[in-house]
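Hi,

Here is the structure I promised to pass on.

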Amino acid sequence: MKKIFLTALSLVVLVSCKTDDQYEDYNRDPKNPTQVAAEFTYNAAVKSLFDQMTSTNVNTNIFRLLGQHWTETTYTDEANYDFTTRNIPQNHWSEMYRDVLLDLKTTKEIVASDTELTDAEKTARTAQAEILMIYTWQQLVDTFGDIPYTDALSDVTLPTYDDDTMIYENLIERINAAIPDISASGFSDADKIYGGDSAAWSKFANSLKLRLGIRLTDVNPGLAQSTITSAVSAGVFTSNADNALLQYEGATPNTNPLWVDLVQSGRSDFIAANTLVDIMNDLSDPRREVYFDQNLGAGVYVGGPYGENNSFPNYTHVGAAMHEPTTPGVLLDYAEVSFYLAEAAERSIVGTPADAEMYYNQAITASFDYWGADITGYLANPDVAYTTAAGDWRQKIGTQMWLAMYNRGFEAWTAWRKYDAPALNIAAISELPVPTRYTYPVNEQNLNQVNYEAASAAIGGDDQTTKVFWDTM
(Lines give C-alpha, C1' and ligand atoms only; values in the text may rest on other atoms or scores of the structure.)
Protein backbone atom coordinates (compact mmCIF):
# COMPACT_ATOMS: atom_id res chain seq x y z
CA MET A 1 0.00 0.00 0.00
CA LYS A 2 1.54 3.28 -1.04
CA LYS A 3 1.17 6.08 1.50
CA ILE A 4 0.31 9.02 -0.72
CA PHE A 5 -0.52 12.11 1.32
CA LEU A 6 -3.22 14.47 0.19
CA THR A 7 -2.25 18.08 0.81
CA ALA A 8 -4.34 21.18 0.39
CA LEU A 9 -1.83 22.42 -2.15
CA SER A 10 -2.07 19.26 -4.24
CA LEU A 11 -5.85 19.68 -4.46
CA VAL A 12 -5.52 23.18 -5.87
CA VAL A 13 -3.29 22.56 -8.84
CA LEU A 14 -4.36 25.41 -11.09
CA VAL A 15 -1.65 25.49 -13.70
CA SER A 16 -1.13 28.45 -16.01
CA CYS A 17 1.38 28.39 -18.85
CA LYS A 18 3.47 31.30 -20.17
CA THR A 19 2.90 32.48 -23.72
CA ASP A 20 5.12 34.37 -26.10
CA ASP A 21 3.28 37.55 -25.19
CA GLN A 22 4.23 38.30 -21.59
CA TYR A 23 1.44 40.89 -21.35
CA GLU A 24 -1.34 38.38 -22.00
CA ASP A 25 -1.24 37.31 -18.34
CA TYR A 26 -2.31 40.80 -17.25
CA ASN A 27 -5.66 40.27 -19.00
CA ARG A 28 -6.43 37.14 -16.97
CA ASP A 29 -8.57 37.13 -13.85
CA PRO A 30 -6.69 34.89 -11.38
CA LYS A 31 -9.87 34.36 -9.34
CA ASN A 32 -11.74 32.99 -12.35
CA PRO A 33 -9.32 30.85 -14.34
CA THR A 34 -10.39 29.89 -17.83
CA GLN A 35 -8.38 26.67 -17.78
CA VAL A 36 -8.44 24.23 -14.88
CA ALA A 37 -5.81 21.52 -14.75
CA ALA A 38 -7.05 17.95 -15.11
CA GLU A 39 -5.16 17.08 -11.91
CA PHE A 40 -7.44 19.46 -10.01
CA THR A 41 -10.76 18.06 -11.25
CA TYR A 42 -9.45 14.50 -10.96
CA ASN A 43 -8.37 14.89 -7.33
CA ALA A 44 -11.51 16.82 -6.46
CA ALA A 45 -13.51 13.82 -7.71
CA VAL A 46 -11.27 11.35 -5.86
CA LYS A 47 -11.65 13.19 -2.56
CA SER A 48 -15.41 13.59 -3.02
CA LEU A 49 -15.79 9.87 -3.74
CA PHE A 50 -13.72 8.74 -0.76
CA ASP A 51 -15.33 11.28 1.56
CA GLN A 52 -18.83 10.24 0.54
CA MET A 53 -18.15 6.53 0.98
CA THR A 54 -16.30 7.08 4.28
CA SER A 55 -18.42 9.71 6.02
CA THR A 56 -20.86 8.92 8.81
CA ASN A 57 -22.70 12.24 8.60
CA VAL A 58 -26.40 11.34 8.76
CA ASN A 59 -27.19 13.92 6.11
CA THR A 60 -25.11 12.14 3.51
CA ASN A 61 -24.19 8.55 4.44
CA ILE A 62 -26.10 6.15 6.70
CA PHE A 63 -24.66 2.92 5.32
CA ARG A 64 -23.10 1.93 8.66
CA LEU A 65 -26.62 2.10 10.07
CA LEU A 66 -28.15 0.10 7.22
CA GLY A 67 -25.49 -2.57 7.76
CA GLN A 68 -26.29 -2.42 11.50
CA HIS A 69 -22.68 -2.10 12.57
CA TRP A 70 -23.50 1.13 14.38
CA THR A 71 -26.65 2.59 15.88
CA GLU A 72 -27.60 6.00 17.26
CA THR A 73 -28.04 7.65 20.64
CA THR A 74 -30.09 10.84 20.96
CA TYR A 75 -31.45 11.12 17.43
CA THR A 76 -32.68 7.84 15.99
CA ASP A 77 -34.53 8.73 12.79
CA GLU A 78 -31.86 7.30 10.49
CA ALA A 79 -31.48 4.02 12.40
CA ASN A 80 -35.23 3.70 12.00
CA TYR A 81 -34.92 4.22 8.26
CA ASP A 82 -36.28 7.73 7.88
CA PHE A 83 -34.66 8.69 4.58
CA THR A 84 -36.65 11.81 3.80
CA THR A 85 -36.40 14.19 6.77
CA ARG A 86 -32.74 14.92 6.00
CA ASN A 87 -33.07 14.28 2.23
CA ILE A 88 -30.44 11.54 2.49
CA PRO A 89 -31.04 10.00 -0.96
CA GLN A 90 -30.95 13.47 -2.55
CA ASN A 91 -27.66 14.35 -0.89
CA HIS A 92 -26.01 11.08 -1.87
CA TRP A 93 -27.35 11.32 -5.43
CA SER A 94 -26.11 14.90 -5.84
CA GLU A 95 -22.68 14.17 -4.41
CA MET A 96 -22.09 11.18 -6.66
CA TYR A 97 -23.45 12.75 -9.85
CA ARG A 98 -22.21 16.32 -9.43
CA ASP A 99 -19.02 16.08 -7.40
CA VAL A 100 -17.73 12.73 -8.60
CA LEU A 101 -19.07 11.76 -12.01
CA LEU A 102 -19.28 15.26 -13.47
CA ASP A 103 -15.77 16.12 -12.26
CA LEU A 104 -14.44 12.90 -13.79
CA LYS A 105 -16.22 13.66 -17.07
CA THR A 106 -14.68 17.15 -17.02
CA THR A 107 -11.29 15.58 -16.33
CA LYS A 108 -11.60 13.49 -19.46
CA GLU A 109 -12.52 16.55 -21.51
CA ILE A 110 -9.57 18.58 -20.21
CA VAL A 111 -7.21 15.68 -20.88
CA ALA A 112 -8.53 15.28 -24.44
CA SER A 113 -7.95 18.95 -25.24
CA ASP A 114 -4.51 19.27 -23.60
CA THR A 115 -2.04 19.81 -26.42
CA GLU A 116 0.95 19.29 -24.12
CA LEU A 117 0.09 15.66 -23.37
CA THR A 118 1.18 12.76 -25.53
CA ASP A 119 -1.43 10.37 -26.89
CA ALA A 120 -0.22 7.74 -24.42
CA GLU A 121 -0.68 10.14 -21.50
CA LYS A 122 -4.16 11.05 -22.66
CA THR A 123 -5.15 7.41 -23.02
CA ALA A 124 -3.83 6.45 -19.59
CA ARG A 125 -5.34 9.41 -17.75
CA THR A 126 -8.68 8.83 -19.41
CA ALA A 127 -8.57 5.18 -18.36
CA GLN A 128 -7.91 6.14 -14.74
CA ALA A 129 -10.87 8.52 -14.68
CA GLU A 130 -13.01 5.93 -16.45
CA ILE A 131 -12.33 3.23 -13.85
CA LEU A 132 -13.44 5.57 -11.06
CA MET A 133 -16.55 6.47 -13.05
CA ILE A 134 -17.38 2.78 -13.40
CA TYR A 135 -16.94 2.34 -9.65
CA THR A 136 -19.32 5.26 -9.03
CA TRP A 137 -21.93 4.12 -11.54
CA GLN A 138 -21.99 0.67 -9.95
CA GLN A 139 -22.40 2.20 -6.52
CA LEU A 140 -25.38 4.27 -7.71
CA VAL A 141 -27.06 1.26 -9.32
CA ASP A 142 -26.49 -0.83 -6.21
CA THR A 143 -28.04 1.96 -4.12
CA PHE A 144 -31.07 2.94 -6.20
CA GLY A 145 -31.67 0.39 -9.00
CA ASP A 146 -32.62 2.04 -12.30
CA ILE A 147 -30.94 5.46 -12.61
CA PRO A 148 -30.31 8.12 -15.27
CA TYR A 149 -27.28 6.87 -17.17
CA THR A 150 -27.38 7.42 -20.94
CA ASP A 151 -28.86 10.91 -20.56
CA ALA A 152 -26.89 11.76 -17.44
CA LEU A 153 -23.97 14.23 -17.46
CA SER A 154 -25.38 15.74 -20.64
CA ASP A 155 -27.48 18.74 -21.64
CA VAL A 156 -30.68 16.72 -21.24
CA THR A 157 -32.79 18.57 -18.69
CA LEU A 158 -35.10 15.71 -17.77
CA PRO A 159 -33.09 12.50 -18.15
CA THR A 160 -34.74 9.15 -18.60
CA TYR A 161 -33.78 6.26 -16.34
CA ASP A 162 -31.89 3.28 -17.72
CA ASP A 163 -32.52 -0.33 -16.76
CA ASP A 164 -30.08 -1.38 -14.02
CA THR A 165 -29.33 -4.69 -15.75
CA MET A 166 -28.42 -2.88 -18.95
CA ILE A 167 -26.20 -0.45 -17.05
CA TYR A 168 -24.25 -3.34 -15.53
CA GLU A 169 -23.75 -4.91 -18.94
CA ASN A 170 -22.47 -1.60 -20.28
CA LEU A 171 -20.16 -1.09 -17.32
CA ILE A 172 -18.55 -4.45 -18.03
CA GLU A 173 -18.03 -3.39 -21.65
CA ARG A 174 -16.51 -0.13 -20.46
CA ILE A 175 -14.12 -1.71 -17.98
CA ASN A 176 -13.02 -4.26 -20.60
CA ALA A 177 -12.15 -1.32 -22.86
CA ALA A 178 -10.42 0.71 -20.13
CA ILE A 179 -8.13 -1.93 -18.62
CA PRO A 180 -5.77 -2.25 -21.65
CA ASP A 181 -5.30 1.53 -21.60
CA ILE A 182 -3.84 1.63 -18.08
CA SER A 183 -0.18 2.61 -18.12
CA ALA A 184 2.44 4.42 -16.09
CA SER A 185 1.78 7.60 -18.07
CA GLY A 186 -1.44 8.29 -16.16
CA PHE A 187 -1.70 10.93 -13.45
CA SER A 188 1.56 9.68 -11.90
CA ASP A 189 2.50 11.67 -8.79
CA ALA A 190 -0.82 13.52 -8.87
CA ASP A 191 -2.62 10.21 -8.34
CA LYS A 192 -3.49 10.08 -4.64
CA ILE A 193 -4.66 6.44 -4.68
CA TYR A 194 -1.72 4.55 -6.20
CA GLY A 195 0.85 7.23 -6.93
CA GLY A 196 0.87 6.44 -10.64
CA ASP A 197 1.56 2.70 -10.17
CA SER A 198 -0.02 1.22 -13.30
CA ALA A 199 0.28 -2.37 -12.04
CA ALA A 200 -1.68 -1.39 -8.93
CA TRP A 201 -4.32 0.33 -11.07
CA SER A 202 -4.66 -2.81 -13.19
CA LYS A 203 -5.25 -4.94 -10.11
CA PHE A 204 -7.83 -2.43 -8.86
CA ALA A 205 -9.64 -2.41 -12.20
CA ASN A 206 -9.70 -6.20 -12.40
CA SER A 207 -10.88 -6.46 -8.80
CA LEU A 208 -13.68 -4.02 -9.58
CA LYS A 209 -14.50 -6.13 -12.62
CA LEU A 210 -14.61 -9.20 -10.35
CA ARG A 211 -17.11 -7.38 -8.13
CA LEU A 212 -19.30 -6.60 -11.14
CA GLY A 213 -19.25 -10.26 -12.14
CA ILE A 214 -20.03 -11.54 -8.64
CA ARG A 215 -23.08 -9.30 -8.39
CA LEU A 216 -24.46 -11.03 -11.48
CA THR A 217 -24.04 -14.65 -10.38
CA ASP A 218 -27.71 -15.15 -9.45
CA VAL A 219 -29.20 -13.30 -12.43
CA ASN A 220 -26.88 -13.75 -15.42
CA PRO A 221 -24.56 -16.74 -14.80
CA GLY A 222 -23.07 -16.66 -18.29
CA LEU A 223 -21.97 -13.03 -18.18
CA ALA A 224 -20.95 -13.44 -14.55
CA GLN A 225 -18.67 -16.36 -15.41
CA SER A 226 -16.94 -14.69 -18.35
CA THR A 227 -16.46 -11.48 -16.37
CA ILE A 228 -15.09 -13.23 -13.29
CA THR A 229 -12.84 -15.56 -15.27
CA SER A 230 -11.23 -12.77 -17.28
CA ALA A 231 -10.77 -10.58 -14.19
CA VAL A 232 -9.06 -13.33 -12.21
CA SER A 233 -6.84 -14.39 -15.10
CA ALA A 234 -5.70 -10.78 -15.61
CA GLY A 235 -4.82 -10.35 -11.93
CA VAL A 236 -6.83 -9.14 -8.93
CA PHE A 237 -5.68 -8.08 -5.46
CA THR A 238 -3.23 -10.49 -3.84
CA SER A 239 -2.52 -8.72 -0.53
CA ASN A 240 -3.56 -5.73 1.58
CA ALA A 241 -0.79 -3.79 -0.16
CA ASP A 242 -3.11 -3.66 -3.17
CA ASN A 243 -6.05 -2.03 -1.35
CA ALA A 244 -7.60 1.04 -2.99
CA LEU A 245 -6.98 3.61 -0.24
CA LEU A 246 -6.86 7.35 0.24
CA GLN A 247 -4.48 8.34 3.04
CA TYR A 248 -6.04 11.23 4.93
CA GLU A 249 -4.04 13.93 6.74
CA GLY A 250 -3.92 15.03 10.35
CA ALA A 251 -5.25 18.55 9.75
CA THR A 252 -8.38 19.98 8.18
CA PRO A 253 -9.64 20.10 5.51
CA ASN A 254 -8.08 16.77 4.56
CA THR A 255 -8.86 14.66 7.63
CA ASN A 256 -10.91 11.50 7.44
CA PRO A 257 -14.54 12.70 7.56
CA LEU A 258 -15.18 10.23 10.40
CA TRP A 259 -12.92 12.35 12.58
CA VAL A 260 -14.99 15.40 11.76
CA ASP A 261 -18.21 13.71 12.89
CA LEU A 262 -16.88 11.70 15.83
CA VAL A 263 -14.23 14.02 17.28
CA GLN A 264 -14.24 17.56 15.91
CA SER A 265 -18.02 17.80 16.31
CA GLY A 266 -17.77 17.01 20.02
CA ARG A 267 -20.90 14.91 19.66
CA SER A 268 -21.70 11.40 20.90
CA ASP A 269 -24.19 10.30 18.25
CA PHE A 270 -23.03 6.74 17.52
CA ILE A 271 -22.33 3.53 19.42
CA ALA A 272 -21.69 -0.04 18.33
CA ALA A 273 -24.94 -1.83 17.48
CA ASN A 274 -25.99 -4.96 19.34
CA THR A 275 -26.41 -6.67 15.95
CA LEU A 276 -22.66 -6.61 15.38
CA VAL A 277 -21.48 -6.86 18.98
CA ASP A 278 -23.64 -9.89 19.81
CA ILE A 279 -22.39 -11.88 16.80
CA MET A 280 -18.77 -11.00 17.55
CA ASN A 281 -19.26 -11.90 21.22
CA ASP A 282 -20.68 -15.29 20.24
CA LEU A 283 -17.59 -15.92 18.09
CA SER A 284 -15.16 -14.48 20.67
CA ASP A 285 -13.90 -12.40 17.75
CA PRO A 286 -10.54 -10.75 18.61
CA ARG A 287 -11.31 -7.83 16.27
CA ARG A 288 -13.57 -6.48 19.01
CA GLU A 289 -10.47 -4.94 20.59
CA VAL A 290 -9.96 -2.83 17.45
CA TYR A 291 -13.52 -2.29 16.26
CA PHE A 292 -14.73 -1.17 19.70
CA ASP A 293 -13.70 0.74 22.78
CA GLN A 294 -13.68 -1.28 25.99
CA ASN A 295 -15.53 1.41 27.89
CA LEU A 296 -17.47 -1.16 29.94
CA GLY A 297 -14.42 -2.90 31.36
CA ALA A 298 -11.77 -5.26 29.99
CA GLY A 299 -13.27 -7.69 27.54
CA VAL A 300 -16.87 -6.55 28.10
CA TYR A 301 -18.73 -5.43 25.00
CA VAL A 302 -22.41 -4.53 25.00
CA GLY A 303 -23.97 -3.13 21.84
CA GLY A 304 -26.83 -0.68 21.90
CA PRO A 305 -30.21 -2.14 20.86
CA TYR A 306 -30.49 -1.31 17.17
CA GLY A 307 -32.75 1.68 16.52
CA GLU A 308 -33.37 2.47 20.20
CA ASN A 309 -32.78 5.82 21.87
CA ASN A 310 -29.55 4.63 23.52
CA SER A 311 -27.57 6.15 26.36
CA PHE A 312 -24.02 6.79 25.17
CA PRO A 313 -22.27 5.90 28.49
CA ASN A 314 -24.11 2.57 28.83
CA TYR A 315 -22.92 0.85 25.67
CA THR A 316 -19.75 -0.05 23.80
CA HIS A 317 -18.25 2.79 21.80
CA VAL A 318 -16.67 2.92 18.38
CA GLY A 319 -12.96 2.00 18.46
CA ALA A 320 -10.00 4.38 18.53
CA ALA A 321 -9.01 3.81 14.89
CA MET A 322 -12.23 5.47 13.74
CA HIS A 323 -11.34 8.55 15.80
CA GLU A 324 -7.99 9.12 14.08
CA PRO A 325 -7.95 11.88 11.44
CA THR A 326 -5.41 9.94 9.35
CA THR A 327 -7.30 6.62 9.12
CA PRO A 328 -7.45 5.83 5.38
CA GLY A 329 -10.63 5.72 3.35
CA VAL A 330 -11.15 2.46 1.43
CA LEU A 331 -12.93 1.80 -1.87
CA LEU A 332 -12.05 -1.89 -2.29
CA ASP A 333 -9.78 -4.27 -0.37
CA TYR A 334 -8.12 -7.67 -0.39
CA ALA A 335 -10.57 -9.20 2.09
CA GLU A 336 -13.54 -8.29 -0.13
CA VAL A 337 -11.82 -9.74 -3.20
CA SER A 338 -10.98 -12.97 -1.37
CA PHE A 339 -14.59 -13.50 -0.29
CA TYR A 340 -15.62 -13.09 -3.93
CA LEU A 341 -13.10 -15.73 -4.92
CA ALA A 342 -14.56 -18.05 -2.28
CA GLU A 343 -17.98 -17.65 -3.90
CA ALA A 344 -16.50 -18.22 -7.36
CA ALA A 345 -14.95 -21.44 -6.07
CA GLU A 346 -18.28 -22.60 -4.62
CA ARG A 347 -19.90 -22.00 -7.98
CA SER A 348 -17.10 -23.87 -9.80
CA ILE A 349 -16.60 -20.97 -12.16
CA VAL A 350 -14.20 -21.99 -14.90
CA GLY A 351 -10.81 -20.33 -14.69
CA THR A 352 -10.93 -19.67 -10.94
CA PRO A 353 -9.27 -21.82 -8.26
CA ALA A 354 -11.65 -24.34 -6.72
CA ASP A 355 -10.74 -24.11 -3.03
CA ALA A 356 -13.50 -22.06 -1.35
CA GLU A 357 -12.22 -22.78 2.14
CA MET A 358 -8.78 -21.45 1.28
CA TYR A 359 -10.19 -18.14 0.02
CA TYR A 360 -12.59 -17.90 2.96
CA ASN A 361 -9.67 -18.26 5.37
CA GLN A 362 -7.59 -15.88 3.26
CA ALA A 363 -10.34 -13.25 3.40
CA ILE A 364 -10.71 -13.46 7.17
CA THR A 365 -6.94 -13.36 7.63
CA ALA A 366 -6.72 -10.27 5.40
CA SER A 367 -9.25 -8.51 7.62
CA PHE A 368 -7.36 -9.40 10.79
CA ASP A 369 -4.07 -8.30 9.27
CA TYR A 370 -5.52 -4.99 8.11
CA TRP A 371 -6.82 -4.20 11.60
CA GLY A 372 -3.77 -5.59 13.38
CA ALA A 373 -5.82 -8.16 15.32
CA ASP A 374 -4.51 -11.51 16.58
CA ILE A 375 -6.10 -14.31 14.55
CA THR A 376 -4.66 -17.14 16.67
CA GLY A 377 -7.32 -19.81 17.16
CA TYR A 378 -10.08 -17.91 15.36
CA LEU A 379 -10.13 -19.97 12.16
CA ALA A 380 -10.21 -23.16 14.25
CA ASN A 381 -13.31 -22.01 16.14
CA PRO A 382 -16.05 -24.53 15.11
CA ASP A 383 -18.46 -21.61 14.61
CA VAL A 384 -16.00 -20.00 12.19
CA ALA A 385 -14.25 -22.92 10.47
CA TYR A 386 -15.57 -23.39 6.95
CA THR A 387 -16.34 -27.08 7.37
CA THR A 388 -18.25 -26.71 10.66
CA ALA A 389 -19.77 -23.22 10.78
CA ALA A 390 -23.56 -23.14 10.64
CA GLY A 391 -25.41 -22.74 7.38
CA ASP A 392 -24.65 -23.14 3.71
CA TRP A 393 -21.82 -21.40 1.89
CA ARG A 394 -23.90 -18.25 1.46
CA GLN A 395 -24.38 -17.91 5.20
CA LYS A 396 -20.74 -18.64 5.99
CA ILE A 397 -19.31 -16.24 3.41
CA GLY A 398 -22.01 -13.63 4.01
CA THR A 399 -21.57 -13.51 7.78
CA GLN A 400 -17.80 -13.32 7.71
CA MET A 401 -17.77 -10.79 4.89
CA TRP A 402 -20.26 -8.65 6.80
CA LEU A 403 -17.94 -8.78 9.82
CA ALA A 404 -14.88 -7.94 7.72
CA MET A 405 -16.50 -4.92 6.09
CA TYR A 406 -16.42 -2.96 9.34
CA ASN A 407 -15.96 0.75 8.68
CA ARG A 408 -17.13 0.10 5.12
CA GLY A 409 -20.84 0.43 5.75
CA PHE A 410 -21.98 0.21 2.15
CA GLU A 411 -20.25 -3.11 1.55
CA ALA A 412 -21.49 -4.49 4.88
CA TRP A 413 -25.07 -3.63 3.85
CA THR A 414 -24.43 -5.03 0.36
CA ALA A 415 -22.98 -8.29 1.73
CA TRP A 416 -26.21 -8.77 3.69
CA ARG A 417 -28.30 -8.06 0.58
CA LYS A 418 -26.19 -10.40 -1.58
CA TYR A 419 -25.90 -13.36 0.80
CA ASP A 420 -28.92 -12.83 3.09
CA ALA A 421 -26.65 -13.32 6.08
CA PRO A 422 -26.38 -12.69 8.92
CA ALA A 423 -29.86 -12.07 10.33
CA LEU A 424 -30.30 -8.36 11.04
CA ASN A 425 -32.64 -6.76 13.58
CA ILE A 426 -35.92 -4.97 13.05
CA ALA A 427 -35.55 -1.26 13.86
CA ALA A 428 -36.67 -0.86 17.48
CA ILE A 429 -38.89 2.23 17.18
CA SER A 430 -40.23 2.22 13.61
CA GLU A 431 -40.32 -1.61 13.52
CA LEU A 432 -39.45 -1.37 9.83
CA PRO A 433 -37.47 -4.10 8.06
CA VAL A 434 -33.97 -3.38 6.79
CA PRO A 435 -34.14 -1.42 3.52
CA THR A 436 -32.78 -3.03 0.38
CA ARG A 437 -32.32 0.25 -1.52
CA TYR A 438 -32.52 4.02 -1.19
CA THR A 439 -35.72 5.57 -2.44
CA TYR A 440 -35.36 8.10 -5.25
CA PRO A 441 -34.59 11.74 -4.33
CA VAL A 442 -37.55 14.04 -3.73
CA ASN A 443 -36.23 16.39 -6.41
CA GLU A 444 -36.61 13.63 -8.99
CA GLN A 445 -40.21 13.09 -7.93
CA ASN A 446 -40.98 16.81 -8.23
CA LEU A 447 -38.84 17.95 -11.16
CA ASN A 448 -38.51 14.84 -13.32
CA GLN A 449 -41.91 13.35 -12.58
CA VAL A 450 -42.67 11.51 -15.82
CA ASN A 451 -39.33 9.72 -15.89
CA TYR A 452 -39.41 9.14 -12.14
CA GLU A 453 -42.81 7.46 -12.39
CA ALA A 454 -41.67 5.28 -15.30
CA ALA A 455 -38.60 4.19 -13.34
CA SER A 456 -40.62 3.51 -10.21
CA ALA A 457 -42.99 1.29 -12.16
CA ALA A 458 -40.11 -0.51 -13.87
CA ILE A 459 -38.42 -1.53 -10.61
CA GLY A 460 -41.65 -2.57 -8.89
CA GLY A 461 -42.25 0.56 -6.84
CA ASP A 462 -40.11 3.26 -5.31
CA ASP A 463 -40.03 1.61 -1.90
CA GLN A 464 -37.26 0.94 0.61
CA THR A 465 -37.83 -2.80 0.36
CA THR A 466 -37.84 -3.00 -3.45
CA LYS A 467 -34.77 -4.99 -4.45
CA VAL A 468 -32.16 -4.02 -7.02
CA PHE A 469 -31.98 -6.45 -9.92
CA TRP A 470 -29.19 -8.70 -8.60
CA ASP A 471 -30.81 -9.16 -5.17
CA THR A 472 -32.97 -12.19 -5.93
CA MET A 473 -32.85 -14.27 -2.74
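Predicted model: local features only at pLDDT ≥ 70, side-chain atom pairs only at ≥ 80, totals over all residues.

**The core**

The largest nonpolar core has 136 residues. Leu-132, Trp-137, Phe-204 and Leu-210 are the ones with the most contacts inside that core. Helix H5, which covers residues 119-144, gives the most to it, with 11 residues.

**Helix H8**

Next, H8, which runs over residues 221-234. Its 14 residues reach 20 Å from first C-alpha to last, close to the 20 Å expected at 1.5 Å a residue. Which residues of H8 are buried? They are Ala-224, Thr-227, Ile-228, Ala-231 and Val-232. These cover an arc of only 120 degrees around the axis, so they sit on the same side of H8.

What do the buried residues of H8 pack against? Their partners are helix H6 (164-178), helix H7 (198-215) and helix H12 (334-346). On the other side of H8, Gly-222, Ser-233 and Ala-234 are exposed.

**Aromatic pairs**

I get 32 aromatic pairs in total. Tyr-42 and Phe-187 are stacked, at 4.2 Å centre to centre and 15 degrees between the planes. This pair links distant parts of the chain, with Tyr-42 in helix H2 (residues 38-54) and Phe-187 in the loop between H6 and H7, 145 residues apart. Both Tyr-42 and Phe-187 are buried.

The other pair is Tyr-360 with Tyr-386, which is tilted: 4.6 Å separates the centres, and the planes are 50 degrees apart. Tyr-360 belongs to helix H13 (residues 356-371) and Tyr-386 to the loop between H13 and H14, 26 residues apart. Here too, Tyr-360 and Tyr-386 are both buried.

Asp-333 is in the loop between strand S6 (329-332) and H12. It counts as buried because its relative accessible area is 10%, and the cut-off for buried is under 20%. Its side chain makes a polar contact with the side chain of Arg-408 at 3.4 Å. A polar atom of the Asp-333 side chain also lies 3.3 Å from the backbone nitrogen of Ala-335. Beyond four places in sequence, Asp-333 is in contact with Phe-237, Asn-243, Met-405 and Arg-408.

Asn-407 lies in the loop between helix H14 (393-404) and helix H15 (409-419). Is Asn-407 buried or exposed? At 11% relative accessibility, Asn-407 counts as buried. The side chains of Asn-407 and Arg-64 make a polar contact at 3.0 Å. Not counting residues up to four places away, Asn-407 touches Arg-64, His-69, Leu-258, Met-322, Thr-327 and Trp-371.

As background, most residues other than glycine have a negative phi, and most peptide bonds are trans. Here are some exceptions to look at:

- Thr-252 and Pro-253 are joined by a cis peptide bond, with omega about 10 degrees. Pro-253 is in the loop between strand S2 (244-246) and H9.
- The bond from Ala-421 to Pro-422 is cis as well, with omega near 0 degrees. Pro-422 lies in the loop between H15 and helix H16 (442-447).
- Ser-188 has a positive phi, near 50 degrees. It is found in the loop between H6 and H7 and is partly exposed, at 28% relative accessible area.
- Glu-431 also has a positive phi, of about 60 degrees. It lies in the loop between H15 and H16 and is exposed, with a relative accessible area of 61%.

**One last residue**

Gln-264 is in helix H9 (residues 257-264). With 45% relative accessibility, Gln-264 counts as partly exposed. Leaving out neighbours within four places, its contacts are Thr-252 and Trp-259; Thr-252 is also part of the cis bond to Pro-253.

Happy browsing!

Key
Residues numbered from 1 in each chain as written. Heavy atoms only, no water. Helix = DSSP H or I, 4+ residues; strand = E, 2+ residues; numbered from the N terminus. Buried < 20%, exposed > 50% of the residue type's maximum accessible area, 1.4 Å probe, protein only. Contact = heavy atoms within 4.5 Å. Core = buried A, V, L, I, M, F, W, Y, C linked by side-chain atoms within 4.5 Å. Polar contact = N/O pair within 3.5 Å; in protein donor to acceptor, adjacent residues only side chain to side chain. Expected span 1.5 Å × (residues − 1). Arc of directions from axis to C-beta. Phe/Tyr/Trp six-rings, centres within 6.5 Å; stacked < 30°, edge-to-face > 60°.
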